[in-house]
Amino acid sequence: MATIDGRTLDHQTLEHIRILAVRRVIEDGEAPSVVMKSLGLCRTTIYPWLREFKDKGWESLAASIAAGPEPKLTEAQRQQVKRWILGKDPRQYGFDFGLWSRRIVQQLIEDKLGVQLCLTAVGKLLASLEITPQKPLRRAYERDPLAVEEWKRTRYPKLKRRAKRLGAKIFSWTRRAFNPIRPWGAPTA
């Protein structure tokens, strides 16, 4: 009979198995190795359960979920971080860049609260505060379609000729990626 990996079982099932196994040893007098073999678990697994039962009783066999590490930020500090970010610009706090990034938030937390967090923890913090990456809902109101057309008609052809003469490529920011500008329908190679 193959041995079952107890780590693959849910908490309630493991609790039931612990109580059943200890009961069979304590009340029925079965050998621990026989009990574990019949349950399909590793023979040595029962011994910590028996010690726990001896020290603390049946309650010690109940399912419990590990609490995990203590959070590095208190709830008040978490809310303070949220207030720093919402409606504010990183440049107001002395940063050179005008958009929030995890690295900027990480540095702000370290500077203001003296708490060091890794970038993953900062990302989880922002997600838990419901602060998510944003995309603009519409084009900038300052955009001037006439000026854009004028630039395409007069400036761009000059830039294109100069780039060709120098053997350079012209890049533009598209929704897909930062790609060289290529004629409409040209293969992406």
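Predicted model: local features only at pLDDT ≥ 70, side-chain atom pairs only at ≥ 80, totals over all residues.

User: Which elements does the protein chain have, and in what order do they run?

Analyst: The chain has 7 helices and 2 strands. From the N terminus on, the order is α-α-α-α-α-α-α-β-β.

User: How much of the protein chain is buried?

Analyst: Buried residues make up 22% of the 189 residues. The accessible surface comes to about 15100 Å², and 56% of that surface belongs to carbon and sulfur atoms.

User: Let's look at one helix. What span does H1 have?

Analyst: Helix H1 covers residues 11-26, which is 16 residues. From first C-alpha to last, H1 reaches 22 Å, close to the 22 Å expected at 1.5 Å a residue. At its start, a side-chain oxygen of aspartate 10 comes to within 3.1 Å of the backbone nitrogen of glutamine 12.

User: Which residues of H1 are buried, and which exposed residues are on the face turned away?

Analyst: Here is the general idea: an α-helix has 3.6 residues a turn, so residues three or four places apart point the same way. In H1, the buried residues are Leu14, Ile17, Arg18, Ala21, Val22, Arg24 and Val25. Seen down the axis of H1, these buried residues fall within an arc of 160 degrees, so they line one face of the helix. The face turned away from that buried side carries the exposed residues Gln12 and His16.

User: What covers the buried residues of H1?

Analyst: The cover includes helix H2 (32-39) and helix H3 (46-56).

User: Now a loop, please. Where is aspartate 89, and is it buried or exposed?

Analyst: Aspartate 89 lies in the loop between helix H4 (75-85) and helix H5 (102-113). Buried means under 20% relative accessible area, so aspartate 89, at 18%, counts as buried.

User: What does aspartate 89 touch?

Analyst: Leaving aside neighbours within four places in sequence, aspartate 89 is in contact with Phe97, Gly98 and Trp100. The side chains of aspartate 89 and arginine 91 are also joined by a polar contact of 2.7 Å.

User: Finally, how many disulfides does the structure hold?

Analyst: A disulfide is a covalent bond between the sulfur atoms of two cysteines. This structure holds 0 disulfides. Cysteine 42 is partly exposed at 39% relative accessibility, and cysteine 118 is partly exposed too, with a relative accessible area of 47%.

Conventions: Residues numbered from 1 in each chain as written. Heavy atoms only, no water. Helix = DSSP H or I, 4+ residues; strand = E, 2+ residues; numbered from the N terminus. Expected span 1.5 Å × (residues − 1). Buried < 20%, exposed > 50% of the residue type's maximum accessible area, 1.4 Å probe, protein only. Arc of directions from axis to C-beta. Contact = heavy atoms within 4.5 Å. Polar contact = N/O pair within 3.5 Å; in protein donor to acceptor, adjacent residues only side chain to side chain. Areas by Shrake-Rupley, 256 points an atom, 1.4 Å probe, with all protein chains shown as cover. Disulfide = S-S within 2.5 Å.
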